[in-house]
Amino acid sequence: MAVKLKLTRLGSKKPPFYRVVAANDETRRDGRPLEFLGYYNPMVNPAEVKLDAAKIKEWLGRGAEPTNTVRALIKEHLG
């Protein structure tokens, strides 16, 4: 069972809002996640990002792979 750190989409048709989650890589985009790790709101300027660093480090330590977008968010906001 491989785990990915990825975004799930929330919000209505035009203004998207995303949660950063840990989920099985076979799970559909908006399927049930294993754990919520933060959120990303691209509709405000600057984009609003809140990530739980401890939980993300724990999942990365367990071997979870972030998607390219989540990897960029982690690099930009957690260093």
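Both Tyr 18 and Tyr 40 are buried, where buried means under 20% relative accessible area, exposed means over 50%, and partly exposed covers the range in between, computed with a 1.4 Å probe on protein chains only. The structure is a predicted model, in which local features need pLDDT of at least 70 and side-chain atom pairs count only at pLDDT 80 or more, whereas totals for chains, interfaces and linings use all residues. Residues are numbered from 1 along each chain as its sequence is written, and side-chain values use heavy atoms, with hydrogens and water left out.

The structure holds two aromatic pairs, a pair being counted when the ring centres of Phe, Tyr or Trp (its six-membered ring) lie within 6.5 Å, with planes under 30 degrees apart called stacked, over 60 edge-to-face and the rest tilted. Phe 17 and Tyr 39 form a stacked pair, with 5.6 Å from centre to centre and 25 degrees between the planes. Phe 17 belongs to strand E2 and Tyr 39 to strand E3, so this pair ties together parts that are 22 residues apart in sequence; helices (H or I, at least four residues) and strands (E, at least two) are DSSP runs numbered from the N terminus. Phe 17 is partly exposed at 26% relative accessibility, and Tyr 39 is likewise partly exposed, with a relative accessible area of 24%. Tyr 18 and Tyr 40 also form a stacked aromatic pair, at 6.0 Å centre to centre and with 25 degrees between the planes. Tyr 18 lies in strand E2 and Tyr 40 in strand E3, so that this pair, too, ties together parts 22 residues apart in sequence.

The largest nonpolar core has 15 residues, and those with the most contacts inside it are Leu 5, Leu 7, Leu 37 and Trp 59. A nonpolar core is here a set of buried Ala, Val, Leu, Ile, Met, Phe, Trp, Tyr and Cys residues joined through side-chain atoms within 4.5 Å. Two or more residues are given to this core by each of strand E1 (3-11), strand E2 (16-24), strand E3 (35-41), helix H1 (53-61) and helix H2 (68-78). With residues up to four places away in sequence not counted, Leu 5 touches a set of residues that includes Val 21, Leu 37, Ile 56, Trp 59, Val 70 and Ile 74, contact meaning heavy atoms within 4.5 Å.

Side chains of opposite charge can pair when their charged atoms come close. The structure holds four salt bridges, each defined as a side-chain nitrogen of Lys or Arg within 4 Å of a carboxyl oxygen of Asp or Glu. In one of them, the side chains of Lys 55 and Glu 35 meet at 3.6 Å, N to O. This pair links distant parts of the chain, with Lys 55 in helix H1 and Glu 35 in strand E3, 20 residues apart. Lys 55 is partly exposed, with a relative accessible area of 29%, as is Glu 35, at 22%. Another salt bridge joins Glu 65 and Arg 71, whose closest N and O atoms are 3.7 Å apart; Glu 65 is partly exposed at 44% relative accessible area, and Arg 71 is partly exposed at 38%.

The side chains of Arg 62 and Glu 58 also meet in a salt bridge, at 2.5 Å, N to O. Arg 62 is exposed, with a relative accessible area of 54%, whereas Glu 58 is partly exposed at 39%. Arg 62 additionally lies over the face of Trp 59, at 4.4 Å from the ring centre; a charge sits over a ring if NZ of Lys or CZ of Arg is within 6 Å of the ring centre and within 35 degrees of the ring normal. Arg 19 lies over the face of Phe 36, at 4.5 Å from the ring centre.

Asn 41 lies in strand E3 and is buried, with a relative accessible area of 12%. Apart from residues up to four places away in sequence, Asn 41 touches Pro 16, Phe 17, Ala 47 and Glu 48. A polar atom of the Asn 41 side chain lies 3.2 Å from the backbone nitrogen of Met 43. Most peptide bonds are trans. Asn 45 and Pro 46, however, are joined by a cis peptide bond, with omega about 0 degrees, and Pro 46 is found in the loop between E3 and strand E4 (48-51).

Notes: A polar contact is a pair of N or O atoms within 3.5 Å; within protein, one must be able to donate a hydrogen and the other to accept it, and residues adjacent in sequence count only if both atoms are side-chain atoms.
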